[in-house]
Amino acid sequence: MIDIKKEQENNYLLIHVEGEADASSAINLDNIIREAFDESHQNILIDCTNLNYISSAGLGVFMSYIEEISTNSVNFILFGLSEKVMKVFGILGLDQLLTIKKTKEEATALLNGV
Amino acid sequence: MSKSFKLTPKFYKRLSLILAIILWLIVSLLDVLQLLAFKSGVDLEISNEASLLLLNFFYVFVFIFYRLRIKEEESGSFIDLLWRVFATGLIATVISLVFKLFYSSISGTALAENEFLKIVSDDITKGIIAAFLISTFIVWKKLILYQKSKRLVISWNAFEWFVIASIFFNLTGYEIDSSLIFNILYGASAIMAIILSGNLKWVAYLNFKQKWKAILLIILITIYIFYFFAELYVPPAESVAFLNSIDSLFFIVLFTFILFYSVFSLLVILFNLPTSSVFERKMEEAINFQRLSQSIQSGESEDQIFEILLNSSMNAVYADAGWIEVNREGYDSTHYINKNIGRDSINQIKEELFKSKNRTVIKNPLSSSDSNTDRILVTLKKSNFKSVFVVPISVQNSVVGFMYLLNEVAEGFNKEMINIINTFASQASISVENVKLMSEAISNERYKEELDIAKRVQRALLPEKLHSNDKFNIHAFTIAAAEVGGDYYDTFQLKDDKFALVIGDVSGKGTSAAFHMSQMKGIFQSLAQLDLPADEFLVRANRALSECLERTSFITLTFFILDTTSKTMEFARAGHCPTLYFNKSKNEAEYFQNKGLGLGILRNDSFKNFIQVNTLKFDKDDILVLYTDGISEASNEAGDEFGFDRLKTLLEKNSHYDPVMIQKIFISKLYEFCGSRDLDDDYTMVVIKFK
C-alpha cells in the first residue's frame, strides 16, 4: 500500500510518499511524478520520511526520470530516506544519479542555493 | 419363420380392442338369433345370463382398451383431453343421429317395423355410448388424479373397482325399481362420485383462454350426456323383456359420476375465471425469476441481465414505464436501459424526484445500516407518471445503479409489488455478481497460465549444469516465489582455467521479468565469448539493454572472471547486492564495496563512469557467495530484514563446509528467520569454494 500526497509549498512542489512502493503501487507513484513533470514544475521535492519499503519496481520509477531531470534541469530532490531504503538506492547506484538529502531543510537549502 | 411377439402395452391395447369388437359382434348375433327363435317359437336354450356375460366382457375390454390408451398419451394437455372426450361424444352422437334420421326417413315402410334392423341399430348405439362413457370416465380419472395424494389414490381405486364390479351386477337380476340393494349400491357410489368430484386441481393450471375453451367443451360434453341418457332410457313398459336397458347399475353409476364431475368442473372453472390472471402472473413471475437466475449459465452479459430485470419488474407491477441506470466499471458516463420512456422525460422525472417531498423510504431488509440501499416510493404531481418506485441495485455490497419504475396512477405500487421487486433486484444482483466473478475467474485463470509460462521460461533460462574445474566447487540454488521473479545466474567457460560467472536480478516481476531475463541471458552468452574485461562487459551489456528494456526496467548484475591458474578474479558490479567473500587466511568474511550502477538506468556512454573493476587473489578454502536481494531483504513478521550482518556471521561460522552444505544452512536459517511467512521474492544463491 502506498499513500501519495502532493502540495505546493513556497517555490517547490512537495510530494509525500508513504508506505510501500512495490510492483502494484509503483504505478501510482509514476503517475504523480509524471503529472509534476507535465506541469513543468522546476523544483520537486520527494518526502520519503514515511517510505518503509521500495522494490525494484519503485526504484524503476525514480530511475526513469533521471534523463528528464538532467535535460530539463529540474531540481528533483529526495529527502528523509530511512537507512533501509537508502541502502537500496545505494546498492543500485541510484544515489550517484539522484540528489538525495537527509532532511527537508537540507533539501530546501540546496534549492535556494544556500 | 416365426415372428417374435412382444407383449407390449400397444399389443395389449390392440388385443383388447379386437376382443371387444368380437364380443360385440357375438352379442349382436345372439340378439338377432334370439329374436329369430322367439318369433318362430323355438327355444335356443341359450340362457339370458350367457348373453349378458358376453356383453359384460365387452364392457370390460373397452375399459381395458381406454385405460391402456390414456397411458400412451401422458403429455396431453387438459384441453387436449377434454377435446378428445368431446370428439368421441361427437362421433357417437353423429352415428346415433344418422340412425334416427334413417328411421324417420323410412317411417311407415315395412322396413321401419323390421325388428332385426332395430336390434342391430340399438346394439350399435349402445356399444358406442358405452365406449363414450368409459372413455370419459378414464379421462375424468386422469383429471382427478392430477396432483394426487396417497389417500386420493386409494379412494379412487376403490371407486374404480366398484365401477368395474358393477358391470357384472346385471347378472343378479336386481332392478332399480324393485331392489333395495340396487338402490343402496347406487347411493353409495353416487356419494363416492361426489366426493371424488371435489378434486379439481387441474383447473388452477388453465390460463384464461384455456378456461373458456374448457367451459365450452364441458358444456357440450354435458349435453351429450343428457342426450345419451335420453337415448338409452327406455320406459319400462316399452322394453322388450330380454333387452338390457338403462337399469344396469354400471351405466347409471357411470352417467351419475360423469355428470357430477362435468357440472363440478364447469362451476369451478367459472368461479376461477376472475382469479386466473393473478395465477398466470404468479407463474410468469416465477418464470422471470428463473430467467434471472439462469442468465449466468447462458452467458448473458450484465446489460442483458438488467434488461430482463427491468422487463420482469415492469410486468410484475404493471408499471407503465421504467429505466435502469448503472455506473459501470471503466465507463465515465452512466449507462441507461429504458423502456416506454425517452431520455428527456427521464431527466425531467429525476428533477421532480429530487424536489418531491411526498416520499416513503422503505428499508432494505437485507442491509439495515446502509441508507444507500433504501428503496424509495415517491408520488409526483406534475408529471404524467404519478408514482415512482426507486430500487437501488447493489453488486458485491456496493450500489452500482438504480431501477426506476413508473406508474401513471398515484400510489400504483402496493406492498406485494414492492416485495416482488425486492426479490427480482436481489436476484439480478446475484446474477451480475456471478457474471463478474465468472469473468474475473477466467481472467485470473489466464493470468495464472501466463505466469506459469513465464515461470517455465525463467526456469529454462537458468543453467542445469555450472562450469567448473578441479580448482573450485560451485553450487547454485534458486527457489521461486509465487510470482515470477527475475533472478538470473549463469557461467561460461572461456578457457580450461578461465571462467565467466554472472548473477543478476531483473527488476519487476511476472512475464516481463522473465522476458528481460531471456534478453540478459542472450547478452551474457554472446558477450562472454568475447573474453572482455569485466567493466567492458558491463558497458556493452548496458548499451545493449538500453535498446531493449522498458523505460522503468533495469537489471542488476555482478560479473566475475575467474582465472584458476593465476588464482585471480576480476569483477565489476552493476548495482547488484555486494558479493560476500570469506577470506580463509584472515578467517573473516567481507563485502565487496565497489561502486556500481544498475544496467539500463543510465542509457548513455556516461555509464562507464559509474562502475569500477576490482581484482583479487584468492586462496584455498576461500568462499565466494553470490546472492540476490531476496535473501538479504527477506523479512520476518516484525519487519526486520535478514540483512548483511547475519549473512556475514553465518558464513564465518560455517566456512568449513562445502558449497552445498553452506547453501543448505543459509536457506534453512533464512526460513527459520522468516517464520511462517510466505516467500515474497525469489531466493537465489551461488556458492563457490576454492580448492
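**Ground rules.** I number residues from 1 along each chain as its sequence is written, and letter chains from A and number ligands from 1 in the order in which they are written. Since the model is predicted, local features need pLDDT of at least 70, side-chain atom pairs count only at pLDDT 80 or more, and totals for chains, interfaces and linings use all residues, while side-chain values use heavy atoms, with hydrogens and water left out.

**Entry: two helices of chain B.** I looked up helix α4 (residues 115–144) and helix α7 (residues 208–232) of chain B. Helices here are DSSP runs of H or I with at least four residues, and strands are E runs of at least two, numbered from the N terminus. The two axes come within 11 Å and cross at roughly 145°. Axes are lines fitted to C-alpha atoms, for helices over the stretch in contact, with angles from 0 to 180 degrees between N-to-C directions. The crossing of α4(B) and α7(B) is left-handed (the near helix is turned anticlockwise from the far one by less than a right angle).

I then listed residues in contact (heavy atoms within 4.5 Å). From α4(B) come B:Thr125, B:Lys126, B:Ile129, B:Phe132 and B:Trp140. They meet B:Ile221, B:Tyr224, B:Ile225, B:Phe228, B:Glu231 and B:Leu232 in α7(B). By class, I read eight nonpolar, one polar and two charged residues. Ala, Val, Leu, Ile, Met, Phe, Trp, Tyr, Cys and Pro count as nonpolar, Asp, Glu, Lys and Arg as charged, and the others, Gly among them, as polar.

A:Asp30 pairs with B:Arg551, the closest N and O atoms being 3.1 Å apart. A:Asp30 lies in helix α1 of chain A and B:Arg551 in the loop between α14 and β10 of chain B, so the pair joins two chains. A:Asp30 is buried at 17% relative accessible area, and B:Arg551 is partly exposed at 38%. Buried means under 20%, exposed over 50%, partly exposed in between (1.4 Å probe, protein chains only).

B:Asp490 and B:Lys521 meet at 3.3 Å, N to O. B:Asp490 sits in strand β8 and B:Lys521 in helix α13, 31 residues apart. Both count as buried, B:Asp490 at 2% and B:Lys521 at 18%.

B:Lys471 and B:Asp470 meet at 3.7 Å, N to O. B:Lys471 is partly exposed at 35%, while B:Asp470 is exposed at 57%.

Finally, I noted a network of salt bridges linking A:Arg34, A:Asp38 and A:Glu68.

Notes. Salt bridge = Lys/Arg side-chain N within 4 Å of Asp/Glu carboxyl O.
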